[in-house]
Amino acid sequence: MARLKSVWVYHVDAGSCNGCDIEVLDVISPYYDLERLGIKVVPNPRHADALLITGPLTRQTRIGIRKAYEAMPPKPRIVVAIGTCASSGGIFYNSYALYNTSPERGRDRLRSGGPEMVVPIDMYIPGCPPSPEEILYGIAQLLGIKEKKMHGEYWKALPPGEEGDGVSFTIPERPLSLRLWITLRDELRRVVGYYDRDAVLDDFMKLLEQAQKDENPRERLHDLVTGYFLKEKDSRVKVAMRFLEETYWSLVDEYGEWGESLRKIGKSART
Ligand code: SF4
């Protein structure tokens, strides 16, 4: 990037825990004095050359982030992701509150996340949170004042059993039953949050175990869930059980497409 003499920046929070925001505030305080590098924080994206984003991009903030990006002048329109959350979704990467378009959500796969799902990112400054010095160092690189000390390599994640060109690694295979359980647990969080999630899932897995002993597990599971449904008084739990039943079979069908051996998953769920 060409040397930039002065950059006006606009800071947006895409759902951070505020840890990164505090560090950004620190950087603009007189102690670190960001303005000595020619950087000025502005209150409006229309005046900004660069957008500083903190946080993992929630479903609520995605529209605001996109609008802020579009409101900026077309050039240089730099976007800096500050913090691990803004770089990849961080510890919140599989949260139900986040915006995530990946079809691999909850399926024991590496996923992309963070604001890069709605805006192109020019610079990542990872850290949880990054220290003010790290943020300054990143911004100094952006301005062309400092050279990069380290150079990244592009690593590509491949599904088990596949080989690819260049630098790649294979995601370790996990037992399918475990993968199913993890996915159900992830998906259930979207429906009931943390409210009794594990208790509901445990009940469902017990019903599933019973259903697997039957010749027609799909019908048997449906009957068992209906019985549970009629006895249960809490409507949230009822909805969660029906959701688990539907999600379970859609996952079995989906995973089943990967190969015949995977079709046996229904027989060994959470062994
Ligand atoms: S990177 Fe860490 S400090 Fe920053 S928003 Fe995420 S959790 Fe908070």
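Visitor: How do the residues of the shell around the ligand divide into nonpolar, polar and charged?
Guide: This is a predicted model, in which local features need pLDDT of at least 70, side-chain atom pairs count only at pLDDT 80 or more, and totals for chains, interfaces and linings use all residues. Residues are numbered from 1 along each chain as its sequence is written. Ala, Val, Leu, Ile, Met, Phe, Trp, Tyr, Cys and Pro count as nonpolar, Asp, Glu, Lys and Arg as charged, and the others, Gly among them, as polar. On that basis the shell has 6 nonpolar, 7 polar and no charged residues.

Visitor: Of the 13 residues around the ligand, which come nearest?
Guide: A residue is near a molecule or strand if its C-beta atom, placed from the backbone, lies within 6 Å of it. Of the 13 residues around the ligand, the nearest are Ser16, Gly19, Gly83, Cys85 and Cys128.

Visitor: Which helices each supply at least two residues of the shell around the ligand?
Guide: Helices (H or I, at least four residues) and strands (E, at least two) are DSSP runs, numbered from the N terminus. Those that each give the shell at least two residues are helix H1 (19-28) and helix H3 (84-88).

Visitor: In what order do the strands of the open sheet lie?
Guide: Two strands pair if DSSP finds at least two bridges between them. The edges, where a strand pairs on one side only, are strand E2 (39-41) and strand E5 (123-125). The sheet has 5 strands with parallel pairing, in the order E2-E1-E3-E4-E5.

Visitor: What is the bridge partner of tryptophan 8 in E2?
Guide: Strand E1 (residues 7-13) pairs with E2 in the parallel sense over 3 bridges. For tryptophan 8, the partner in E2 is lysine 40.

Visitor: At what angle does H1 run to E3?
Guide: Axes are lines fitted to C-alpha atoms, for helices over the stretch in contact, and angles run from 0 to 180 degrees between N-to-C directions. Two residues are in contact if their C-beta atoms, placed from the backbone, lie within 7 Å. H1 lies across E1, E2, strand E3 (50-54) and strand E4 (78-82), and its angle to E3 is about 140°.

Visitor: How is H1 oriented to H4, parallel or perpendicular?
Guide: The axes of H1 and helix H4 (residues 132-142) come within 9 Å and cross at roughly 70°. Angles under 35 degrees count as roughly parallel, over 145 as roughly antiparallel, 65 to 115 as roughly perpendicular and the rest as oblique. H1 is therefore, relative to H4, roughly perpendicular.

Visitor: Which residues make the contact of H1 with H4?
Guide: By class, this contact of H1 with H4 has 5 nonpolar, no polar and 2 charged residues. H4 contributes Pro132, Ile135 and Leu136, and H1 contributes Glu23, Val24, Asp26 and Val27.

Visitor: What is the hand of the crossing of H5 and H6?
Guide: Helix H5 (residues 176-192) and helix H6 (residues 197-212) pack at about 125° with axes 10 Å apart, and are therefore oblique to each other. A crossing is left-handed if the near helix is turned anticlockwise from the far one by less than a right angle, and right-handed if clockwise. The crossing of H5 and H6 is right-handed.

Visitor: At what angle do the axes of H6 and H7 cross?
Guide: The crossing of H6 and H7 is right-handed. The axes of H6 and helix H7 (residues 217-231) come within 8 Å, and their crossing angle is roughly 140°. That makes H6 oblique to H7.

Visitor: What is omega for the cis peptide bond that joins cysteine 128 and proline 129?
Guide: Proline 129 is in the loop between E5 and H4. The bond that joins cysteine 128 to proline 129 is cis, with omega about -10°.
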